[in-house]
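Please read the following note alongside the model, point by point. The points begin with the chain as a whole and then turn to its parts.

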Amino acid sequence: MNVLFIGMGYVGTTMGLVLANKGHTVTGLDINKEKIDTLNKGEVYFYEPGLQEMLATELNKRIFFTTNAKEAVEENDLIFITVGTPSLDDGSADLIYVKEAAKLIRKYRNSEKVVIVKSTVPIGTTEKVHEWINQNGDKKPLVKTVMNPEFLREGSALDDALNPDRIVIGSNDVHAASQMNKLYQNWSCPFLHTTPKAAEMIKYASNSFLATKISFINEIAKLCDTIDVNIQDVSKGMGLDDRIGPQFLQAGLGYGGSCFPKDVRELLVTADQNQMPLEILKKVDEVNKNQANYFIGKIKKRIPSLKKKKVVVYGLSFKPNTDDIRESVSYSILEQLIEEKAEIVVHDPIVKLSSQWLNKGVVQCDDAYEAAKCAEVILICTDWNHYKNLDWLKVRNVVSNPVIFDGRNTLNGEDIKKYQFHYEGIGFC
Ligand SMILES: NC(=O)C1=CN([C@@H]2O[C@H](COP(=O)(O)OP(=O)(O)OC[C@H]3O[C@@H](n4cnc5c(N)ncnc54)[C@H](O)[C@@H]3O)[C@@H](O)[C@H]2O)C=CC1
Ligand SMILES: O=C(O)[C@H]1O[C@H](OP(=O)(O)OP(=O)(O)OC[C@H]2O[C@@H](n3ccc(=O)[nH]c3=O)[C@H](O)[C@@H]2O)[C@H](O)[C@@H](O)[C@@H]1O
């Protein structure tokens, strides 16, 4: 099938490549010329394992990139909207990019098309997209709309897209739904057909539930800290219950990224607008916002003043295996360390600090051992395997003060303590 993606970000690029790889002919459209030029050179402009190799196989065979909206819309009958839906100041999702994408389709539509909203959008938006495109009485062919939420994770996007737990298709139109079945015929996971509104809610409720698991375990971890219980044993013991499951019970600095924080905020706004406040979810957000303060508080219990102390921060991305720093908790920690007047050195295997941070006196080192030289405290903020695999004896030999605060509970505490480090995670000492 001929498929267009409007928005070549993390989702559009990944899903475009995956559908091309499954035999469809895909066009990727973006307003950002630099991104399109880079993709046309065969380079994925962000870090995501496996995508680069897939692009090398598919470029100009089954996937094509362009900034020409007219041609792209005219030549494709299935059109995905995969633009961003970031938070506005009041927490609601900004639909400006979705509206702009709808405008392009309205302007250039030349046949009956199926428009698939894959961006995460507030409940009722897909129906609005239908109206935005089909309005004006311009006698052009009507488009059908579908809501098809995306559940992939950054860092494992390709694997998630190829092997999803489910495919949700929200549509009130039989023809559109059958086109979606045809598009995804090579996937063997369960398919759920529902209404567009329910599909939108499934996406928000899923992300909010996962966020709830994380904030729940983080609260239990804080209690474990005070009564000397190891949270990792607790997570393991809970996760062995099939009804609970082992995933998303990793205590730490809380959730960041471009989705959980913004999607939780948007659902809270929708709930308030409908006079049905979501009390649990409010607390989930509150607990999460407080995790960085809790971590700094733990550090200050041991080192009351960080002024002029060399603090090493390992990890800038919001999770491992991505270069995405949107709402990464590492940056809240950097802000607090700057306020404390610490001397800060950061390391990340992929992410480079922007000049904004370098101008504030933060130093970046490309080598984790070099960064650790003369450190008075090491903070692990992202659970990259890189840090698990460091030679910690070598690190021990270069630091001034052997103290590690592990914000992701990523190291094996018992092993680390053998090297005479003071080691604390979140939810165990
Ligand atoms: N990043 C992720 O892992 C996931 C994201 N989502 C949702 O998918 C949506 C997209 O997310 P990302 O891919 O992370 O966003 P992104 O910010 O990486 O990419 C969005 C792209 O859309 C482009 N764009 C904006 N307006 C446009 C227009 N009028 N025409 C053409 N291109 C336009 C931008 O230039 C940008 O390249 C969001 O709603 C997000 O919540 C859902 C599941 C996973
Ligand atoms: O809507 C989205 O964009 C996506 O949001 C998340 O994916 P993502 O944000 O890429 O990454 P996750 O693996 O979910 O991690 C999110 C954050 O939670 C944190 N986390 C995760 C798991 C855990 O046990 N503990 C924990 O603190 C991670 O460190 C990270 O900061 C969801 O997992 C995806 O299903 C969804 O499609």
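1. Residues 24 or more positions apart account for 71% of the contacts in the chain with a separation of 6 or more, where two residues are in contact if their C-beta atoms, placed from the backbone, lie within 7 Å. This is a predicted model, in which local features need pLDDT of at least 70 and side-chain atom pairs count only at pLDDT 80 or more, while totals for chains, interfaces and linings use all residues. Residues are numbered from 1 along each chain as its sequence is written, and chains are lettered from A and ligands numbered from 1 in the order in which they are written.

2. On overall form, a compact globule of 429 residues would have a radius of gyration near 22 Å, and the 23 Å of the chain agrees with this; the radius is taken over C-alpha atoms, and the globule rule is 2.2 Å times the number of residues to the power 0.38. Along the principal axes, the C-alpha atoms fill a box of roughly 75 × 50 × 40 Å. Of the 429 residues, 45% count as buried, a term that requires 20 or more other C-beta atoms within 10 Å of a residue's own, with exposed meaning 12 or fewer and partly exposed in between, the C-beta atoms being placed from the backbone. The chain has 18 helices and 14 strands, which are DSSP runs numbered from the N terminus (helices H or I, at least four residues; strands E, at least two).

3. The chain is divided into domain 1 (2-194) and domain 2 (196-428), with bounds that come from an automatic or database domain assignment. Their C-alpha centres lie 32 Å apart, and the contact takes 30 residues from domain 1 and 25 residues from domain 2. On the side of domain 1 that touches domain 2, the elements giving two or more residues are helix 6 (125-134), strand 6 (144-147) and strand 7 (167-170), and the largest share, 3 residues, comes from helix 6. That side of domain 1 divides into 12 nonpolar, 14 polar and 4 charged residues, where Ala, Val, Leu, Ile, Met, Phe, Trp, Tyr, Cys and Pro count as nonpolar, Asp, Glu, Lys and Arg as charged, and the others, Gly among them, as polar.

4. Of the 21 residues around ligand 2, E154, Q250, Y255, G257 and C259 come nearest, a residue being near a molecule or strand if its C-beta atom, placed from the backbone, lies within 6 Å of it. The largest share of this shell, 3 residues, comes from helix 9 (residues 196-227), and the shell divides into 10 nonpolar, 7 polar and 4 charged residues.

5. Around ligand 1 there are 26 residues, of which G7, G9, G84, S119 and T120 come nearest. Helix 1 (10-21) and helix 5 (96-108) each supply at least two residues of that shell, whose residues divide into 11 nonpolar, 10 polar and 5 charged.

6. Because 11 of the 12 residues of helix 1 are buried, the helix is largely enclosed by the rest of the structure. What covers these buried residues includes strand 1 (2-6), strand 2 (25-29), helix 3 (51-58), strand 3 (63-66) and helix 7 (157-162). Helix 1 is followed by G23, whose phi is positive, near 110 degrees.

7. I333 lies in helix 13 and is buried, with 26 other C-beta atoms within 10 Å. Leaving aside its neighbours within four places in sequence, I333 is in contact with A292, F295, I296, V313, L379 and C381.

8. Most residues other than glycine have a negative phi. E327, in the loop between strand 9 (310-314) and helix 13 (329-339), has a positive phi near 50 degrees, and it counts as partly exposed with 18 C-beta neighbours inside 10 Å. C374, in the loop between helix 15 (368-372) and strand 12 (377-380), has a positive phi near 65 degrees, and with 12 C-beta neighbours inside 10 Å it counts as exposed.
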